[in-house]
Amino acid sequence: MTGLLPWLEWAGVAVFALTGALVAARKQMDPFGFVLLGTVTGIGGGTLRDVLLGIRPVPWILDPAVVIICAAVSLAAFVSAHHFEREGRTRVILWADALGLALFTVTGTAKALEAGAPAISAVLLGVVTATFGGIIRDMLAGDVPLALRRDVYVTASLAGAVAFALANRFVSPDLDDVIGFAVV
Amino acid sequence: MTGLLPWLEWAGVAVFALTGALVAARKQMDPFGFVLLGTVTGIGGGTLRDVLLGIRPVPWILDPAVVIICAAVSLAAFVSAHHFEREGRTRVILWADALGLALFTVTGTAKALEAGAPAISAVLLGVVTATFGGIIRDMLAGDVPLALRRDVYVTASLAGAVAFALANRFVSPDLDDVIGFAVV
Amino acid sequence: MTGLLPWLEWAGVAVFALTGALVAARKQMDPFGFVLLGTVTGIGGGTLRDVLLGIRPVPWILDPAVVIICAAVSLAAFVSAHHFEREGRTRVILWADALGLALFTVTGTAKALEAGAPAISAVLLGVVTATFGGIIRDMLAGDVPLALRRDVYVTASLAGAVAFALANRFVSPDLDDVIGFAVV
């Protein structure tokens, strides 16, 4: 995980935290509902990936920077959410979800490859990272997960993860980030 | 885990993946909804067991055969699901769920004993393996879990796990598979 | 984890198991629904904390005392639940939830500090321990989690965890239990 990747990971965390906070807004939750749902959405997918890979403790325990990002984004969303009407929020959720999916597909696949997972499992873990934050968010909020209703998301994530894993193997490791992200 | 057990595990994975795919059919999901729900149902219970036991990484990362089984079963279900009417599907879900429960109770208890868990915890982990794939499936699909509505399932799983653990200790280790499965 | 803490942990487990069993009563579940929901609620938060910390296997596998506490409390609730009317049950759930939250905030933060987590992460894990048992309970039962609807809970838990972590660092380690609990 060098160069561009930590930044992509942080951007993905922030963007997913935003979707969690906006779902909290839709359900008219209080500030702590925002922070809880934003944080779980932001770090949920990556946490599941790391638990499955057996990385222990989960990295954010040793360096809680991503948790602080989630809390800050969620509180900013709480302060400003009332300025947007319902439809604007839904549109932002969909776009942010798609962007976070692209970011996490790349970083999730990269982290799994780095931890020594074979290519096919790395692709799977990329999809897990990208989809499960949002799945947990929707389950907590009492909705059927978006990932199960809009299969274009999972398809995009899968295609991106495959492209990234192939690029990582056959092309220069410096280019693979760009290729994986572009495909998604 | 020798002899019969890997086959029982694979059969359990395939059967649970089928129930996940059929729930996806009931909810009129798209192909990736089938694969996602089928895969999570097929490997969910065993994954939770392995995480709780501290086996790392989770075995399907090193050998993704079970994931491929799940994807294949789910896609086959997607192609053929439209040939069955609603009631036929519900009946197949109930039967497959019961069969998968029997298979996973035995393999889950066996794997926990093998990993050094004491008998009472191995029984618990057998029940966890057998019930949580379906519980996650139903939560993802927005239903109250079948395991909480039909207690005959959990009862059967618990009885089978106890029988298997006793058989493993007091009878020949070759016979215990048969005994545990028969009780369930 | 010495002195008072194991007792606080057991009390928290028992109290949360009670809330799980009472939700099972509200949903008119059968005995195994009571035990399953009571046990998952009682040990769910602590199990998630230990998985995130990388403690393996999860402690209750080696010493299933807490599981037995959960099963006993749940069965006692099943036998006696019919004597209470609906409103009395709801009141008990709210009180028991608040008490369990206070207990688990302290023990969760303490266990995370003991496992070497930095103070801010220990506070987070205290909140995770205190809230996720109830969150899983409500998700299994098909309700939107109480923790997302009543932010006073999470606020209280967070304040208690911070107080405990500060007390642990700056005051005598013997006094911190009392301070953390009193704040909550």
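**Reading burial, salt bridges and interfaces**

Biologist: Starting with B:Arg49, does this residue count as buried or exposed, and at what relative accessibility?

Modeller: The model is a predicted one, and in it B:Arg49 has 1% relative accessibility and therefore counts as buried, because the cut-off for that label is under 20%. As for its place in the chain, B:Arg49 belongs to helix H2 of chain B, which covers residues 31-53.

Biologist: Which residues is B:Arg49 in contact with, leaving aside its neighbours within four places in sequence?

Modeller: With those neighbours set aside, B:Arg49 is in contact with B:Glu9, B:Thr107, B:Gly108, B:Lys111, B:Leu125 and B:Thr129.

Biologist: With which residue does B:Arg49 form a salt bridge, and how far apart are the closest N and O atoms?

Modeller: The partner is B:Asp50, and the closest N and O atoms of the pair are 3.1 Å apart, which falls inside the 4 Å limit used for a salt bridge. B:Asp50 is buried as well, at a relative accessible area of 5%.

Biologist: How many salt bridges does the structure hold over all chains, and which residues of chain A are joined into one network?

Modeller: Over all chains the structure holds 21 salt bridges. To read two of them in detail, take chain C, where C:Asp97 and C:Arg137 meet through their side chains in a salt bridge with an N to O distance of 3.0 Å. C:Asp97 lies in helix H5 (residues 86-114) of chain C and C:Arg137 in helix H6 of that chain, so the pair ties together parts that are 40 residues apart in sequence. Both C:Asp97 and C:Arg137 are buried. As for chain A, salt bridges with shared partners join A:Glu9, A:Arg49, A:Asp50 and A:Lys111 into one network.

Biologist: And the second example in chain C: where do C:Asp143 and C:Arg26 lie?

Modeller: C:Asp143 and C:Arg26 form a salt bridge in which the closest N and O atoms are 3.9 Å apart. C:Asp143 sits in the loop between helix H6 (119-140) and helix H7 (146-149) of chain C, while C:Arg26 is in helix H1 (residues 5-26), so this pair ties together parts that are 117 residues apart in sequence. C:Asp143 counts as partly exposed at 22% relative accessibility, and C:Arg26 is also partly exposed, with a relative accessible area of 29%.

Biologist: How should I read the area and the make-up of the interface between chain A and chain B?

Modeller: The size of an interface is often given as the accessible area lost when the parts come together. Chain A and chain B bury about 1,900 Å² between them, with 79% of it on carbon and sulfur atoms.

Biologist: For the interface of chain A and chain C, which residues of chain A lose the most area?

Modeller: The area buried between chain A and chain C is about 1,900 Å², and carbon and sulfur atoms give 79% of it. In chain A, A:Phe32, A:Ile61 and A:Leu140 lose the most area to chain C, together 32% of what that side buries. This interface, too, has 0 salt bridges by the rule, while 3 residue pairs are in polar contact, both residues at pLDDT 80 or more. The elements that give two or more residues to this side are H2, helix H3 (59-62), helix H4 (65-80) and H6 of chain A, and H2(A) gives the most, with 8 residues.

How values were computed. Residues numbered from 1 in each chain as written. Chains lettered and ligands numbered in written order. Predicted model: local features only at pLDDT ≥ 70, side-chain atom pairs only at ≥ 80, totals over all residues. Heavy atoms only, no water. Buried area = accessible area lost by both parts, 1.4 Å probe. Polar contact = N/O pair within 3.5 Å; in protein donor to acceptor, adjacent residues only side chain to side chain. Helix = DSSP H or I, 4+ residues; strand = E, 2+ residues; numbered from the N terminus. Buried < 20%, exposed > 50% of the residue type's maximum accessible area, 1.4 Å probe, protein only. Contact = heavy atoms within 4.5 Å.
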